[in-house]
Structures are given as structure tokens and as C-alpha cells.
Amino acid sequence: MRTGRRYAAGSCRLEGLMGEDGVHVPAGVLLLESVNRLRVAETMLQNRARARMGLKANDFQTVQFLAAREAGGFPARAADLAEALGVSSAAATMTIDRLAARDFAVREPDPDDRRSRIVRLTPDGQRSLVEAYEGLPAAVQELLDAVPAAEAQRIAELAAAVQQVVDRTATHTSTSAQ
């Protein structure tokens, strides 16, 4: 997608979306390059936190998934995890088993369905996740917290809309390729 010019998001003037060299930068290019920069920074932070916890990538993603579900007040089941990670139910179960063996996660009976089990982080799992992010750049959180709520909401809506289009396209492409 690059045309040989480097577009620096920090130096772009929003009114004309101009790059460093005065060339017009399409908004889509600016957004995609900005998302890529955020993705690289997030990956670096997550790799540091994951290494501090001594977890494999899927195990760390599972801990984050469970923490997010709990923060949102939603129960998590192995099937939810499998869907979120894009893995089989057997792979999700093995991941939960590894986390349970390290006392990071626990299975509990589902109060709404006797046949199902809910997966939760243990206090050790929660504490380890918090500790894994301690000492990581607080300036990052300060930058993110400084974004006005209306702008953050617009970015979140844009991300959700793009994901819906990509999901629809992926489903359409995979079914039409068969």
C-alpha cells in the first residue's frame, strides 16, 4: 500500500491531511498507518507483560479475555474462549487446563446451566496480570486518557464498523471460494 512516501501521522495537518513533504495523504492511509503503529506498540507491551507472566501467547490472550469478560460482568465459557481465539474447543480446553494448573484460572459450575462450566481468573491470575503490566509506560495510559470522550467513541465506532465489514467480507469470500 506504500507509494514510496513516508506519511508521518504526527506531522499531518488534519485540515488538509498533508504528509511531511506536502503531498495529500488520503484519510484511509493515515488511519491504517496509525492503526499499524498502535498495533506494533500494543504488541510490544503485551509481549513484555506475557514474558513477565511466563505464558504462551494463547494462554496470555486467555487471561486477558477472562479479565475483560469479568470486568464487563459477563461469564466466560470454554466455547466463548474458542470463538474469541479462533481455536477448537479442544484447544480452548487445553489452554484452560494449563492456566488452572498454574492457579491462574478456575472452572466453576454455571448457575444458569448445570451442564456448563464458567471459567474465571483466580485471585493469583488477576494479581499476576496486574503485576505484569506494572512499570510499563504510564505515559501510554496518560496519552490514551487524554483523548476526548467523543473522539474515543468515534474511533471505537469506526473500528467496530470496519470489523463488521471485514467479517462480512471474510464470510462472503470463504463461502464463495468453495
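The following legends accompany views of a predicted model of one protein chain.

**Figure 1. Overall view of the protein chain and its secondary structure.** The predicted model contains seven helices and two strands. Read from the N terminus, the order of elements is α-α-α-α-β-β-α-α-α. The chain has 178 residues, of which 22% count as buried.

**Figure 2. Accessible surface and sequence separation of contacts in the protein chain.** The accessible surface amounts to about 12,200 Å², and carbon and sulfur atoms account for 57% of this area. Among contacts between residues at least 6 apart in sequence, 44% join residues at least 24 apart.

**Figure 3. Close-up of the packing of helix α2 against helix α3.** Helix α2 spans residues 57-71 and helix α3 spans residues 78-85. The crossing of α2 past α3 is right-handed.

**Figure 4. Close-up of the residues in the contact between α2 and α3.** From α2, the contact involves Asn58, Gln61, Thr62, Phe65 and Arg69. From α3, the contributing residues are Asp80, Leu81, Ala84 and Leu85. By class, the residues of this contact comprise four nonpolar, three polar and two charged. Phe65 of α2 and Leu81, Ala84 and Leu85 of α3 are of types that count as nonpolar. Arg69 of α2 and Asp80 of α3 are of types that count as charged.

Conventions:
Residues numbered from 1 in each chain as written. Predicted model: local features only at pLDDT ≥ 70, side-chain atom pairs only at ≥ 80, totals over all residues. Heavy atoms only, no water. Axes fitted to C-alpha atoms, helices over the stretch in contact; angles between N-to-C directions. Helix = DSSP H or I, 4+ residues; strand = E, 2+ residues; numbered from the N terminus. Left-handed = near helix turned anticlockwise from the far one by under 90°. Contact = heavy atoms within 4.5 Å. Buried < 20%, exposed > 50% of the residue type's maximum accessible area, 1.4 Å probe, protein only. Areas by Shrake-Rupley, 256 points an atom, 1.4 Å probe, with all protein chains shown as cover.
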